Amino acid sequence: MLKYFVSTHRTQGQRDNDFTSIAGTELVDLTGECHDDPDSPICGCARSFVGITSRQTSTTAEVTETDMTAAEYIGHFHTGLLALGWKDDANTRNGIIDAAVELLLLAAMWPAGTVVERRGREIRVRSFPSRRRPGLRRS
Ligand SMILES: [Zn+2]
């Protein structure tokens, strides 16, 4: 099982400058940054995740867990960037692997259902999943 980040509407509005233009749930990357300040009133790049296919953005993402393989996950990043017109060369592929693996390592730290936000280069937890494990409850 692989854990990775997808867009979410959960906790949207917790910050005044939250936004999302991603309609459903989509695999996300980090947007490139043209600003350092995650609270920049001009541009939300430093607080945004970007949908790998739609290229729409969201300030909230959550950890999901599926049977997708790491190779498939990286392949989605690759397909997304080639669709944007990126050149399919070693530089692009290495950059994709670096970005995708970094996100996989981060997502692996938290349980599925954890909602995160981005503050520049840092990913922070907003909300942990509620504990609902009745199978473990003892009477
Ligand atoms: Zn910016």
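Modeller: Happy to, and do keep in mind that this is a predicted model. Let's start at the hairpin of strand 6 and strand 7, where 2 residues lie between the strands and Gly 120 takes a positive phi near 70°.

Biologist: What makes strand 6 and strand 7 a pair?

Modeller: Pairing calls for at least two bridges. Strand 6 (residues 115-119) and strand 7 have 5 bridges, in the antiparallel sense, so they qualify under that rule. One example is Val 116, whose bridge partner in strand 7 is Val 125.

Biologist: Why is strand 7 called hardly covered?

Modeller: A buried residue needs 20 or more other C-beta atoms within 10 Å. Among the 6 residues of strand 7 (residues 122-127), the count of buried ones is 0.

Biologist: How do you know that strand 2 and strand 3 pair?

Modeller: The two are joined by 3 bridges and run antiparallel, while the rule asks for at least two. Leu 30, for instance, stands opposite Phe 49 in strand 3. These strands belong to an open sheet of 3 strands with the order 2-3-4.

Biologist: What makes strand 2 and strand 4 the edge strands?

Modeller: Each of them pairs on one side only.

Biologist: Now the helix. How do you know that the span of helix 2 agrees with its number of residues?

Modeller: Helix 2 (residues 90-107) has 18 residues, which should span 26 Å at 1.5 Å a residue; the end C-alpha atoms are 26 Å apart, so the two agree.

Biologist: And why do you say that its buried residues line one face?

Modeller: Seen down the axis of helix 2, the buried residues fall within an arc of 60°, so they line one face. They are Ile 96, Ala 100, Leu 103 and Ala 107. An α-helix has 3.6 residues a turn, so residues three or four places apart point the same way. The buried residues of helix 2 pack against strand 1, strand 5 (60-66) and helix 1 (70-83). On the face turned away from the buried side are exposed residues, including Asn 94 and Asp 98.

Biologist: Last one: why is Thr 11 called partly exposed?

Modeller: Thr 11 has 16 other C-beta atoms within 10 Å. Buried starts at 20 and exposed ends at 12, so a value in between is partly exposed. Thr 11 lies in the loop between strand 1 (2-7) and strand 2 (28-30), and has a positive phi of about 65° although it is not a glycine.

Definitions and conventions. Residues are numbered from 1 along each chain as its sequence is written. This is a predicted model: local features need pLDDT of at least 70, side-chain atom pairs count only at pLDDT 80 or more; totals for chains, interfaces and linings use all residues. Helices (H or I, at least four residues) and strands (E, at least two) are DSSP runs, numbered from the N terminus. The expected span of a helix is 1.5 Å times one less than its number of residues. The arc is that of the directions from the helix axis to the C-beta atoms. Two residues are in contact if their C-beta atoms, placed from the backbone, lie within 7 Å.
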